[in-house]
Amino acid sequence: MKDSLARETEQLVQRPFHAALVDEADSILLDEARVPLVIAGERGVSKQEALAYAGIVKQLVSGVDYETDKELRNVYATDSGIDKVEATLGCGNLYEDHNINVLTMLQCALHAEALLKRNVHYMVRDGRVQLIDELTGRIAQHRHWPDGLQAAVEAKEGLDIRANGQILGTITLQHLLHLYPKKCGMTATAQLAAQEFMDMYGLQVISIPPNKTSRRVDEPHMVFTHRAAKQQAIVDVVKSVHRTGRPILIGTSSVEESNQYAEALQKDGVACQVLNAYNDWEEAALISKAGMLGAVTVSTNMAGRGIDIVLGSGSSEDYKKIVSLGGLYVIGTNVHENARIDNQLRGRAGRQGDPGTSRYMISLEDDLFIRYGLAEVLPHDLLARRQDEPLNDSRILQLIEHVQRVVDGQHLDMKKTLNKYADLLEQQRMIFFNRRNEILYGRQRPNIIADYAPERYRKLCEQFGTSTVHAVERQVLLAIMDQCWADHLAYVAYVKEGIHLESLGNNNPLDEYNRLVIADLSRLMGLWCRECSIIFPTLIRAAASFISMKRN
């Protein structure tokens, strides 16, 4: 996508597409495919406005002034909340056209307050908000929320407001991969998603037998009625196993939870090391110690994929002793929305034919149960209990498996919907950038000055040379085209935000989306010449100044 912003051919870095080899293919191609890839520039944000809206939403009451959906993906202001905001701002009807920016900033502030949690979705380090990748538990480098949401989170945390992100280019992973004639990948958890790989990428999944037979023991889930009972049970199990010297890995769902378990273990006299986004630079050193005798490691999903924990950490004597104890013991504190991620954590134990054990210890108060309303379908006799011992009811495990399949289906539908809306934009991207490349490579001359001021064009060519004048024209037009495309993407995002409301009028949202976006592209294709004619006087002065500077 950086090539799409290049102003000179020497700045291009992408080679012709030939073959793509993807490691951890299910994570990259399936899990992360719900979010399109973007490249963004910076745009100034008013600190006072962001702080003002953060203060307003803090005064709103959850369940009264705003509500969230069960999956905690969307938040909506109620009539009561709207009335309070309108009274505070004195702006009149929030939904009138002139209040579109007010409504946008309010929604961003509400999203930041209600849906984004510190040490779960992001962390604050060195005075900056850094996003946490929900799938890996690592800091998402060079990634930030667009459309004012980043500024809203910074205002929520009382930090300096940095420049906001303006999307300059975007592409889905599926469309990116389809640019490669040959594509393949590898992962240890592809079989469960074989049909999805075929549907989305036309890729067949082939299982390769392991080098050595697995000796890992996957114990059944232990389910508790409440979180406190689960946490105490995990601490008790860790203490018991730790006395034998067997290394233990505890996989948690967030930075916050990893710190909670580390604190609980240390209070009970169990020394442990913590691996999460706050000390990600120590990952290699911490993992190298995780397989030592007596090691206890509490980690987020950072240790759940692509990590090889070596038993004994290189000592053959310690290796033999740990093997005799049963190898690495892995405990998961939460089941995930997708069973593949559960299996990734299990896979840290019993590698390369070593022994190992894995077990998930969960509670009915875990996020998965709450987010997807499992409590509403669980038998009442289970919900009424509150006991420290684990429940012994196969209905819960069957329900968890069912929910994971349902959620996986929801995610697949999200990706299919994303691609339906992205297909048109990808076609437009190809048309637009094919035309841009014609200008970039000099295969098509802009002829802006020649068309609008032929006499001035002739004098400039005589004074500075035709090639130099054409180079300046090309730079100006490329800059205008890039801004037009960024404005088009902003419009597309705006349309997509409310397009679902078309269904209320018995219209097909996708058809209406296509109509609006196609019309905007038609406007876009003729816009840059009109823009150049508007700034023509400035263009002439800038061209002369640039050429003179370049000549000197």
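## Second largest cavity

In this predicted model, the lining of the second largest cavity comprises 3 nonpolar, 1 polar and 3 charged residues (nonpolar: Ala, Val, Leu, Ile, Met, Phe, Trp, Tyr, Cys and Pro; charged: Asp, Glu, Lys and Arg; polar: the others, Gly among them). These lining residues are I309, L311, L328, R348, G350, R351 and D354. The volume of this cavity is about 40 Å³, and the structure holds 2 cavities of 30 Å³ or more.

On a 1 Å grid over the protein atoms alone, a cavity is a set of points where a 1.4 Å probe fits but cannot get out, a pocket is an open set with protein on both sides within 12 Å along at least five of seven lines, and lining residues have an atom within 4 Å of a point. Grid points are joined across faces, edges and corners, and a volume is the space filled by probe spheres set on the points.

## Second largest pocket

Two or more lining residues come from each of α1 (25-31), β8 (182-186), β9 (215-218) and α12 (339-346) (DSSP runs numbered from the N terminus: helices, H or I, at least four residues; strands, E, at least two). Strand β8 gives the largest share, 4 residues. By class, the pocket lining has 13 nonpolar, 15 polar and 8 charged residues.

## Basis of the model

Residues are numbered from 1 along each chain as its sequence is written. In this predicted model, local features need pLDDT of at least 70 and side-chain atom pairs pLDDT 80 or more, whereas totals for chains, interfaces and linings use all residues, and side-chain values use heavy atoms, with hydrogens and water left out.
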